[in-house]
Every structure is written in C-alpha cells, then in structure tokens.
Amino acid sequence: MNIPLQEISSIVQICFYITGSTIAILTYRSAKKGLLNTVNTEYQKRVMDHLDELSNILYAEFDRNSEQYWAHSNNNPGFVTIVEGIIDRYLEHLQKHGNSETFELTYELPNGLRLHELAERIKSDPFLPDDIANYVVNYLETRSEVLGETIIEEFESLREILRTQQYSSLDKLPLNTHIRISNKLYDKRMSMEHVEDEVHHIRGMIKEHLESYNPLN
C-alpha cells in the first residue's frame, strides 16, 4: 500500500506536535512542582523559625540567664516595693495637705503592657500555626486580665485603707498587700509557678508541631 508523501509528512508533523506538547506539559508540571516545593520548604522554615522564637520568648521569663527573667528587679519590682513607693507618696501628701481623704493612689500594672503587646504580636503573626497562636493569645490575655483585676482590687482596697487611715502600722501594709495578691493569684492559678507550668505546656505543643516536619516520623 502506497501512502502519499504528503500524508506521511502530515502524520510526522502531528506526532511531532503531540510529542512536543506532551514534553512541554510535563516540563511545566515538573517546574511548577519544583517551585511549589521550594515555596513550601521556605514557608516551613519560616514557621519553624517563628515557633522557635515564640518558645524562647515565653521561656525567657524563667531563664535565670535572660534579661527578661521574672525575678530581676527591673522586670518585677515586686508588690512590696510598689506599695512602699505608694506609702512614701501618701506620707508626702499628708505632710503637704494634712488630709488623707484627698490622697490619689497611682500605680502601673506590672507586666500588663508587655503581655498585651505580646498577645497582639502573636495574633497577627502569619507564620504561626492557628492552634498554637490562638492558644497562646488566649492564655496571655487571660493572664493579663486576671493579673490586672487582682492588682486593681487590692490597690483600690489599699487606697481606702490609706484614705480612712484604717491601719495599725504603715510598715506592715507592703508585705500584707503582697501576700494577699500572691495568694489570690495562686488561687486563680496565675502564680509564677502556674505560669511556668503553662509555658512548659505551650513549649510541648510547639515541640509536637516541629516534630511533624520530621520525615522519619
């Protein structure tokens, strides 16, 4: 059977186009897969870096070698020191005005602003897994709220004690206030012991997530 040369040429061209198209499609898919793998690898690296940073930030409060260690006086002046400063201002007010009822008590909430800023930073971090980010944000906001409510409650009580002069000795007020606040935070599971336990729990969550990247698992 003789096939015209023109038909043979057409068949060859068709085969050529099919082969070329197939190679082009396979090459595109391979390049796309390689690009996606590169992007995914870079994304996973960023996630791991941000999780590592979060873990270090949370633990720094309990690392004795860290500048953020909670027991350092510049990070935690202590309620005793704060109340002592309040009493000093109270005595100056009495000496100047001779009237305790007009005394205004001012103070700053320890750690309150730092906890809030950290929660806001984590909330909008695009490289933190949602489950971990949501858990940590909720915990930090709860801690900040409990700490603030407890301190405000006790310091408002202290203000009334000073205004009405319902104290037997000013010297005992700083320690007594400190003990009441510490006991309330412990009862609400927000003492430093409880906070450290929670940090270890969060770091455990981070460890589990990082282990999911291990190809041997």
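**Entry 1: overall make-up**

I note that the model is predicted, with local features needing pLDDT of at least 70 and side-chain atom pairs counting only at pLDDT 80 or more, while totals for chains, interfaces and linings use all residues. I also note that residues are numbered from 1 along each chain as its sequence is written, and that side-chain values use heavy atoms, with hydrogens and water left out.

I then checked burial, and 30% of the 217 residues count as buried, where buried means under 20% relative accessible area, exposed means over 50%, and partly exposed lies in between (1.4 Å probe, protein chains only). Among contacts between residues at least 6 apart in sequence, 73% join residues at least 24 apart, a contact being heavy atoms within 4.5 Å.

**Entry 2: α3 against α4**

I followed helix α3 (residues 112-123) and helix α4 (residues 130-164), whose axes come within 9 Å and cross at roughly 160°; the axes are lines fitted to C-alpha atoms, for helices over the stretch in contact, and angles run from 0 to 180 degrees between N-to-C directions. That makes α3 roughly antiparallel to α4, since angles over 145 degrees count as roughly antiparallel, those under 35 as roughly parallel, 65 to 115 as roughly perpendicular and the rest as oblique. The crossing of α3 past α4 is left-handed, which is the term used if the near helix is turned anticlockwise from the far one by less than a right angle, clockwise being right-handed.

On the α3 side I listed residues including Leu115, Leu118 and Ile122, and on the α4 side residues including Val136, Val137 and Leu140. The residues of this contact divide into 8 nonpolar, 2 polar and 5 charged.

**Entry 3: Arg143**

I looked separately at Arg143, which has its place in helix α4 and counts as buried at 6% relative accessibility. Leaving aside neighbours within four places in sequence, I found Arg143 in contact with Glu61, Asn111, Arg114, Leu115, Met190, Met192 and Val195.

**Entry 4: salt bridges**

I counted 12 salt bridges in the structure, each one a side-chain nitrogen of Lys or Arg within 4 Å of a carboxyl oxygen of Asp or Glu. One of them joins Lys123 and Glu141 at 3.2 Å, N to O, and this pair links distant parts of the chain, with Lys123 in helix α3 and Glu141 in helix α4, 18 residues apart. Lys123 is partly exposed at 46% relative accessibility, as is Glu141 at 35%.

I went on to Lys184 and Glu153, whose closest N and O atoms are 2.6 Å apart in a salt bridge; Lys184 lies in helix α5 (residues 173-187) and Glu153 in helix α4, so the pair ties together parts 31 residues apart in sequence.

I found another bridge between the side chains of Arg180 and Glu154 at 2.7 Å, N to O, with Arg180 in helix α5 and Glu154 in helix α4, 26 residues apart. Arg180 is partly exposed at 30%, whereas Glu154 counts as buried at 4%. Glu153, Glu154, Arg180 and Lys184 are linked in a network of salt bridges.

Notes
Helix = DSSP H or I, 4+ residues; strand = E, 2+ residues; numbered from the N terminus. Nonpolar A, V, L, I, M, F, W, Y, C, P; charged D, E, K, R; others polar.
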